[in-house]
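Dear colleague,

Please find below the structure that I am handing over to you. My findings follow it, and I should be grateful if you would read them beside the coordinates.

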Amino acid sequence: AVVSTQSTGIRLNAEKSPFLTERLKIKVMPTILMTKDAVVCDRIVGFDDLGNSDNFPTSLLEWRIAQSKVINYSGDLSRPPVEEVKEKKMVKIQRNLRQEEYSSDSELDD
């Protein structure tokens with residue numbers, strides 16, 4: 001992943017910081033706030049702007065943040081850098097009636 005030297009990020013535990021989450025009007029997780037001159041100028045709420053999936057490429061997040069003009073971006077701002085976001089693959093586990101729901105690793109070694 002490319003690291004931007006133009007921005008600074010913080011991670012906030014919303015449950016332990018109710019004053020700050022209320023002041024910044026954070027109601028949905030995740031929320032990314034973009035600030036310019038100490039004023040919030042844009043926000044990304046949830047995954048709607050990132051392909052409606054938590055499995056998005058970093059380039060898509062960079063493009064979305066660049067739309068706020070808070071970082072320099074060398075690509076085309078009129079369209080996202082990727083056409084579609086890869087969906088997570090679902091793995092179906094089939095169990096027989098006699099198999100336990102949970103098994104420990106030690107049982108597999110025997």
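At its relative accessibility, does Phe47 count as buried, exposed or partly exposed, and what is the value? At 29%, Phe47 counts as partly exposed, where buried means under 20% relative accessible area, exposed over 50%, and partly exposed in between (1.4 Å probe, protein chains only).

Two remarks on conventions come before the rest. The model is predicted, so local features need pLDDT of at least 70 and side-chain atom pairs count only at pLDDT 80 or more, while totals for chains, interfaces and linings use all residues. Residues are numbered from 1 along each chain as its sequence is written, and side-chain values use heavy atoms, with hydrogens and water left out.

Confidence and overall layout

The mean pLDDT of the chain is 79, and 70% of its residues reach 70 or more; pLDDT is the predictor's confidence in each residue, from 0 to 100. The chain has three helices and two strands, arranged along the sequence as α-β-β-α-α. Helices (H or I, at least four residues) and strands (E, at least two) are DSSP runs, numbered from the N terminus. Over residues 103-107 pLDDT stays under 50, and the model has one contact beyond four places in sequence for them; contact means heavy atoms within 4.5 Å. Where pLDDT is low, the predicted coordinates should not be read in detail. Of the 110 residues of the chain, 15% count as buried.

Arg64 has a relative accessible area of 8%. Beyond its neighbours within four places in sequence, Arg64 is in contact with Met34, Asp42, Arg43, Ile44, Asp49 and Leu50.

Ser68 lies in the loop between helix H2 (58-66) and helix H3 (105-109). Ser68 is buried, at 13% relative accessibility, and touches Met34, Cys41 and Asp42, residues up to four places away in sequence not being counted.

Lys36, in strand E1, is partly exposed, with a relative accessible area of 44%. With residues up to four places away in sequence left out, Lys36 touches Cys41, Lys69 and Val70. The C-alpha atoms of Lys36 and Lys69 are separated by 8.9 Å, although the two are 33 residues apart along the chain.

The aromatic pair

The structure holds one aromatic pair. The ring centres of Phe47 and Phe56 are 6.2 Å apart and the planes stand at 50°, so the pair is tilted. Rings of Phe, Tyr and Trp (its six-membered ring) pair if their centres lie within 6.5 Å; planes under 30 degrees apart count as stacked, over 60 as edge-to-face and the rest as tilted. Phe56 is partly exposed, with a relative accessible area of 24%.

The largest pocket

The largest pocket is lined by 30 residues, and Thr8, Gly9, Ile10, Ile32 and Leu33 lie nearest its centre. Strand E1 (31-36) and H2 are the elements that give two or more residues to this lining.

With kind regards

Methods: On a 1 Å grid over the protein atoms alone, a cavity is a set of points where a 1.4 Å probe fits but cannot get out, and a pocket is an open set with protein on both sides within 12 Å along at least five of seven lines; lining residues have an atom within 4 Å of a point.
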